[in-house]
Amino acid sequence: MPRHAILVIDMLNDFVGEKAPLRCPGGDDIIEPLQKVFKWVRARKDDDVHLVHIQEAHRKNDADFKVRPVHAVDGTWGSDFIPELYPEGDEYIVKKRRHSGFAHTDLDLYLKEEKIDTVVVTGVWTNVCVRSTATDALANAYKVITLSDGCASKTQAMHEHGLVDLSIFTKVMTIDEYIDAWEKGEDPWLGGGDAENKVE
């Protein structure tokens, strides 16, 4: 069977919740579905599925703030994980300063050390950080899965457009479909991408 890393991208105080200054409204809706994923992974006896928490953590004068409002400054409340989806135990945390979880981080090194072959993307925003991370995962030769009900964006339209783009090169599926495939001993990624150029 394959080895997967479920990347939980930017489920942080500055993006999720009523007090979030750069709030992603859809982020509130995916907390409960992601809690289901967390519970499932943490109850597994095998270590073939990892939870990896991707944490935006900017420096005070980060170049990102030339194009976006100041947010998720390293060491602040805004850059911390929301309480409902807090990392536990030895679950790996990757701090990033750019949209992609791979950009100038050790994520690729961690995945290679753990012999991970498939990256599963979740979190916020579907059309920005999730998509950027998925793109770089493919560029680094990983198979990529997108959990459609485990991602969200600022608007439903942004989310849906992001999923269309992601369906070209990832396997887009629901959390229930993903878990069900594992429980049946199937590789959830099979059929991923758009080999016949049908996505519109």
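Residues are numbered from 1 along each chain as its sequence is written, and side-chain values use heavy atoms, with hydrogens and water left out. In this predicted model, local features need pLDDT of at least 70 and side-chain atom pairs count only at pLDDT 80 or more, while totals for chains, interfaces and linings use all residues.

**Exercise 1. Describe the overall fold of the protein chain.**

Step 1. Helices (H or I, at least four residues) and strands (E, at least two) are taken as DSSP runs, numbered from the N terminus. The protein chain has five helices and six strands.

Step 2. In sequence order, these elements give the pattern β-α-β-β-α-β-α-β-α-β-α.

Step 3. The radius of gyration, taken over C-alpha atoms, is compared with the globule rule, 2.2 Å times the number of residues to the power 0.38. The radius of gyration of the protein chain is 16 Å, close to the 16 Å that the rule gives for 200 residues, so the chain is as compact as a globular protein of that length.

Step 4. Contact means heavy atoms within 4.5 Å. Of the contacts between residues at least 6 apart in sequence, 75% join residues at least 24 apart.

**Exercise 2. Determine how the buried residues of helix α5 are arranged.**

Step 1. A residue is buried under 20% relative accessible area, exposed over 50% and partly exposed in between (1.4 Å probe, protein chains only). In α5 (residues 175-183), the buried residues are I175, Y178, I179, A181 and W182.

Step 2. Seen down the axis of α5, these residues fall within an arc of 155°, so they line one face of the helix. The arc is that of the directions from the helix axis to the C-beta atoms.

Step 3. An α-helix has 3.6 residues a turn, so residues three or four places apart point the same way.

Step 4. The cover over the buried residues of α5 includes β1 (4-9), α1 (31-43) and β2 (49-56).

Step 5. Just after α5, G185 has a positive phi of about 75°.

**Exercise 3. Identify the nonpolar cores and their contributors.**

Step 1. A nonpolar core is a set of buried Ala, Val, Leu, Ile, Met, Phe, Trp, Tyr and Cys residues joined through side-chain atoms within 4.5 Å. The largest has 31 residues, and I6, M11, V124 and Y178 have the most contacts inside it.

Step 2. Two or more residues each come from β1, α1, β2, β4, β5 and α5. The largest share, six residues, comes from α1.

Step 3. Apart from this core lies another, of 23 residues, including L7, V52, I116 and F169.
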